[in-house]
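Dear colleague,

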Amino acid sequence: MAKTKIAFFCRSCGAESPKWMGQCPSCREWNTLIEEKVVKNKNERLDNKTDWRSVNDSPPGGNKPGVLMGKGPRPIQLEEVVAGDVKRLESPDRELNRVLGGGIVPGSIVLFGGQPGIGKSTLLLQLALKIGRKVLYVSGEESEQQIKMRADRLGGDKRQCYLLTETNTSKVLQHAADVKPELLIIDSIQTLASPHVDSMAGTVSQVRECAAELQRFAKESGIPTFIIGHITKEGSIAGPKLLEHIVDAVLQFEGDRNYTYRILRTLKNRFGSTDELGIYQMDSNGLREVSNPSELLLSERDEDLSGSAVCATVEGMRPMLVEVQGLVSAAVYGNPQRTSTGYDSKRLNMLLAVLEKRAGLPLGTQDVFLNIAGGLKVDDPAMDLSIISALLSSAMDVTVPPDVCFAGEIGLSGEIRAVTRIEQRIAEADRLGFKRIYVSKYNTKGLDPDRYGIRIITLATVRELYEALFA
Ligand code: TYD
Ligand code: MG
């Protein structure tokens, strides 16, 4: 029996509402509700609704036989649960293993989000070819020939990789049940359509239904499932946001398309930490793991130019050294410009105000440009100290010595504040052969300077930094 109704869905969180509203009652976003026609064919779907009344009606202290017994799981004491050793599927991609918390968990469902063209299909096709196990790669985006061409570029073993270009979820799941792969890859959730919902692929109700069907399949079959989901800037297609609570892990693939670095970040992970980070480089034959990001990021540095400083930053849990470039020049076109690439521009404005007030640097008539080299986006407050150094260096046209790096946050009164994971930062700078690192004087608790070859110099204020480097 098919039933049609009109419903309104929030593009941001997926909440359903019977009428249109300006603000989503669930996530409080404005103007996100869109109208969709929903046809649900209840007969075709497994309806596993629980009869909650029988639970309440049953007498306390025991189950009434015949009402609940044998109907799926019943509550058991946590102590009784056997925590069987979950055998994770090791992937050949060490960065991915790290991000997933040590391999692929059976029956888990992982969402790979990212903007179109960033390399999601490449990453997962490469995994399918190199994992050495039976994989079913379902694509609704590209033809078999296109995928074959890409696979030829990527190399690897093609015999274990099965390809299916299909967008109907019921058929996809039937084929998956026949093929019995050890990993199922869906490229992408926006192209799938479930026959149980009568709306176009990519709409909120479709994305939600397809994800729910895939989740049920993954949990029942134990086949880990990787789903690709596009994020669009304006979100006219239902974004992966609304899938976040359905899936076990959400990984975001990000990077600047003009650069070769790609970062795989964990936004949610039920089986591991969300602080992990994978770094790749996009080559002509696929994505290459980058195990030493600092060496790559610093490789193009010209050491005798002013306006450059190196920060010992931490991304996720990985320390890495990045170069900050600043340019301060007289504004010739009226209003001075402030441009920041890879760093929060509001934070840059704050740092400029601190420089003006606490270091006496007149910047009101100067253009200021800031760039994080390598196309990286960093939001570590420890960058502050290196940014101030780069800007001072450019303004005064004095180079910062090439073997010096920084790690410190700047407060509004020009004080230099402590940052997290200072030992890791110092150790990484030491490993890369830096001779001096400037840190906050409040950051030395429990630090043993004799452990490192690098000299640790402590500072309290921006003024002290100025005197140490440029006076
Ligand atoms: P793709 O995986 O199709 O992106 P997504 O699935 O996220 O939309 O990646 C597309 C880009 O990657 C494309 O611009 C070309 C580039 N690329 C390489 O540079 N090298 C390669 O070996 C491959 C396969 C792609
Ligand atoms: Mg793709």
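This is a predicted model: local features need pLDDT of at least 70, side-chain atom pairs count only at pLDDT 80 or more; totals for chains, interfaces and linings use all residues.

Let us begin with strand β5, which spans residues 135-139. Is this strand mostly covered or uncovered? Strand β5 is mostly covered, with five of its five residues buried. In a regular strand, side chains alternate between the two faces of the sheet. In β5, Val135, Tyr137 and Ser139 lie on one side, Leu136 and Val138 lie on the other, and all of them are buried.

Strand β5 runs parallel to β6 (residues 161-164), and four bridges join the two. Within β6, Cys161 is the bridge partner of Val135. To pass from β5 to β6, the chain goes through helix α4 (residues 144-154), and this β-α-β crossover is right-handed. Strand β5 also pairs with β7 (residues 183-187), in the parallel sense and over five bridges. There, the partner of Val135 is Leu183.

Next comes an open sheet of seven strands with mixed pairing, in the order β15-β16-β14-β13-β17-β20-β21. Its edge strands, β15 (338-341) and β21 (455-459), each pair on one side only. On average, neighbouring strands of this sheet are turned by 25° against each other, direction ignored. Strands β15 and β16 (residues 366-372) run parallel and are joined by four bridges; Arg338 has Val368 as its bridge partner in β16.

Helix α9 (residues 383-396) lies across several strands, including β13, β14 and β16, and runs at about 30° to β14. Helix α11 (residues 462-469) also packs on the sheet and touches β17, β20 and β21. The direction of α11 makes about 135° with that of β21.

Yours sincerely

Conventions
Residues are numbered from 1 along each chain as its sequence is written. Chains are lettered from A and ligands numbered from 1 in the order in which they are written. Side-chain values use heavy atoms; hydrogens and water are left out. Buried means under 20% relative accessible area, exposed over 50%, partly exposed in between (1.4 Å probe, protein chains only). Two strands pair if DSSP finds at least two bridges between them. A crossover is right-handed if, with the strands pointing away from the viewer, the path from the first strand over the helix to the second runs clockwise. Axes are lines fitted to C-alpha atoms, for helices over the stretch in contact, and angles run from 0 to 180 degrees between N-to-C directions. Contact means heavy atoms within 4.5 Å.
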